[in-house]
Amino acid sequence: MTQRRLDFARELARQAGALLLERFEARRFAKASSAATEFKGRRELVTAVDREIETLLVTAIRERFEHDAILAEEGVASPRGVADRAAEFLWILDPIDGTTNFVHGHPSFSISIGIVRSGEVAAGVVMAPALGGRAGGECYWGGPLFGAYCNDHKLSVSTTTAVRDAVVATGFSYGRNEMGADTNVERFTAALMEARGIRRCGSAALDLAFVAAGIYDAYWEKDLAPYDVAAGIALVLGAGGSIDVLETGKSPLWDRQVLASNGRIGSELRALFDAL
Ligand code: LIP
């Protein structure tokens, strides 16, 4: 049942990825107007392409798996944020994760398709059409029962055992200017001073895929939505990594926070943050 959906999601991501790359290059080389960019908040962007890709994804999923539930970032499928968490199968979709990068011509953006079965993350696909330097880009796919892959290459998390030897990644909330917001700056500074390197590439789905690929040894972020992380969580677990949270007792999928690691440095990084 999940395998069928994962196979379908891979083909759907390939098709949607080709369209997204076409739109990206048209915008980047100014053959298309950038006027179709709107604001959802002070710095949160949404484009007509977000909605175009989401409509493509939702229509195809509805046609093939009509009884499955769908949660999609732009609300094409259902009121934004309403999700039937108890459904046997729930699709969690981000049509463009890394929208700011997409609008500004940076290649670190992805299509994220997460599949949750009876409340547990079961599989995911993260499609990065502008990465990899070859036709079709990089398609990360897998899940806890399937392993994790980049195109046809099997992935496994890194073997780094200390934060001082690690390359880690994070991101920052759109709402960081709001009164009382958790800006993540203290955690960023602590990790910057301890780790070998730190990256902020602007797509949570890709950051999680990079943990699964052993490129990053860990990644954390707050104020993320389920559609930012659902597919990436499946990939990290499929590659033998660990998924934790920044506040004990919270859900990495539903409570807007995640700490993903290779399973070897996650607790050290969590302790570094808890000590702040
Ligand atoms: C983005 C995440 C990124 C985070 C941004 C934003 P979007 O998602 O992928 O990690 O730092 O604030 O949430 O809005 O591009 O889908």
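Visitor: Among contacts between residues at least 6 apart in sequence, what share joins residues at least 24 apart?
Guide: 62% in this protein. Contact means heavy atoms within 4.5 Å. The model is predicted, so local features need pLDDT of at least 70 and side-chain atom pairs pLDDT 80 or more, while totals for chains, interfaces and linings use all residues. Numbering runs from 1 along each chain as its sequence is written, and side-chain values use heavy atoms, without hydrogens or water.

Visitor: How many helices and strands?
Guide: Seven helices and 14 strands. These are DSSP runs, numbered from the N terminus: helices are H or I with at least four residues, strands E with at least two.

Visitor: What share of the residues is buried?
Guide: 56% of the 276 residues. Buried means under 20% relative accessible area (1.4 Å probe, protein chains only).

Visitor: And the box around the C-alpha atoms?
Guide: Roughly 50 × 40 × 40 Å along the principal axes.

Visitor: New topic. Where is Asn151?
Guide: In the loop between β8 (147-150) and β9 (153-154). Asn151 has a positive phi of about 55 degrees, though it is not a glycine.

Visitor: Why point that out?
Guide: Because most residues other than glycine have a negative phi.

Visitor: Is Asn151 buried or exposed?
Guide: Buried, at 15% relative accessible area.

Visitor: What is the phi of Asn184?
Guide: Positive, about 70 degrees, and Asn184 is not a glycine either. Asn184 sits in the loop between β10 (167-170) and α4 (185-194). With 4% relative accessibility, Asn184 is buried.

Methods
Buried < 20%, exposed > 50% of the residue type's maximum accessible area, 1.4 Å probe, protein only.
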